Amino acid sequence: FKEDPLTIIDLVKFGTVNSRLAAMMWVWIEGLDSRPANFVIAGGTGSGKTTTLNCLGMYIPWHRRLLTVEDTAELQVYHDHWLRMETRRERPDGTPEVDMNDCLKSSLRMRPDRILVGEVRRVETLDMLQAMNTGHEGSITTVHANSPRDALSRLETMVLMAGTELPSRAIREQITSAIQLLVHVNRGED
């Protein structure tokens, strides 16, 4: 990632996003028409999910407490009230592993207004959805998926990986109440 991160204006200039969509996303993130929208950004490897997340994160109002949770520190959301959490593998000296789920649970105790999760891949999906449903409106995460429908299916599957005995209908209701906008990005030949 560049030292000087791309902005949504750059994406509009490149033709990646049209200006009308960029303006609408700003309204949804700010919550100007009601409450801030929760986003899921889906796409394949190298499609620009993290770049899009960085750009959308810059729309978050400066007075909001922002917390990022990632496996690898890639997000460059420069913000006055920005806290960063990163997972850690178990070390040879016995220092225990800190996984994405541990980070998400700990993040809720840090009073974030918004949570940006670099990518949900496993059981942390349930905790992310619950955070979106319990006062962390305007949160954003990414997921690997080949289509919007595939993204929703993968979210459901990852919630099941958490070992909960929730029926599919309850999981789908959790997903639909947590997510207001799913943005799917494709990698073009150019």
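Analyst: The buried residues of helix H5 are covered by elements that include E1, H4, E4, E5, H6 and H7, where contact means heavy atoms within 4.5 Å. Helices (H or I, at least four residues) and strands (E, at least two) are DSSP runs, numbered from the N terminus. This is a predicted model in which local features need pLDDT of at least 70 and side-chain atom pairs count only at pLDDT 80 or more, while totals for chains, interfaces and linings use all residues. Residues are numbered from 1 along each chain as its sequence is written, and side-chain values use heavy atoms, with hydrogens and water left out.

H5 is mostly covered, with eight of its 10 residues buried; buried stands for under 20% relative accessible area, exposed for over 50%, and partly exposed for what lies in between (1.4 Å probe, protein chains only). The buried residues are Glu-124, Thr-125, Leu-126, Asp-127, Met-128, Leu-129, Ala-131 and Met-132. After H5 comes Gly-135, which has a positive phi near 100°.

One of the covering elements, H4 (residues 100-107), has an axis that comes within 9 Å of the axis of H5 (residues 124-133), and the two cross at roughly 20°. Axes here are lines fitted to C-alpha atoms, for helices over the stretch in contact, and angles run from 0 to 180 degrees between N-to-C directions. H4 and H5 are therefore roughly parallel, given that angles under 35 degrees count as roughly parallel, over 145 as roughly antiparallel, 65 to 115 as roughly perpendicular and the rest as oblique. Their crossing is left-handed, a word used if the near helix is turned anticlockwise from the far one by less than a right angle, with right-handed used if clockwise. On the H4 side the meeting residues are Met-100, Asn-101, Leu-104 and Lys-105, and on the H5 side they are Glu-124, Asp-127 and Met-128. The residues of this contact between H4 and H5 divide into three nonpolar, one polar and three charged; Ala, Val, Leu, Ile, Met, Phe, Trp, Tyr, Cys and Pro count as nonpolar, Asp, Glu, Lys and Arg as charged, and the others, Gly among them, as polar. Within the loop between H4 and E4 lies Arg-111, whose phi is near 55°, a positive value in a residue other than glycine; Arg-111 counts as exposed because its relative accessibility is 61%.

Helix H6 (residues 148-160) and helix H7 (residues 168-178) have axes 10 Å apart and pack at an angle of about 120°, so H6 and H7 are oblique to each other. H6 passes H7 in a right-handed crossing, and the contact is made by Leu-152, Leu-155, Glu-156, Val-159 and Leu-160 of H6 with Ser-168, Ile-171, Arg-172 and Ile-175 of H7. The residues of the contact between H6 and H7 are six nonpolar, one polar and two charged.

H6 also holds Ala-151, which counts as buried because its relative accessibility is 0%. Leaving aside neighbours within four places in sequence, Ala-151 is in contact with Ala-42, Val-143, Ala-145 and Leu-182.
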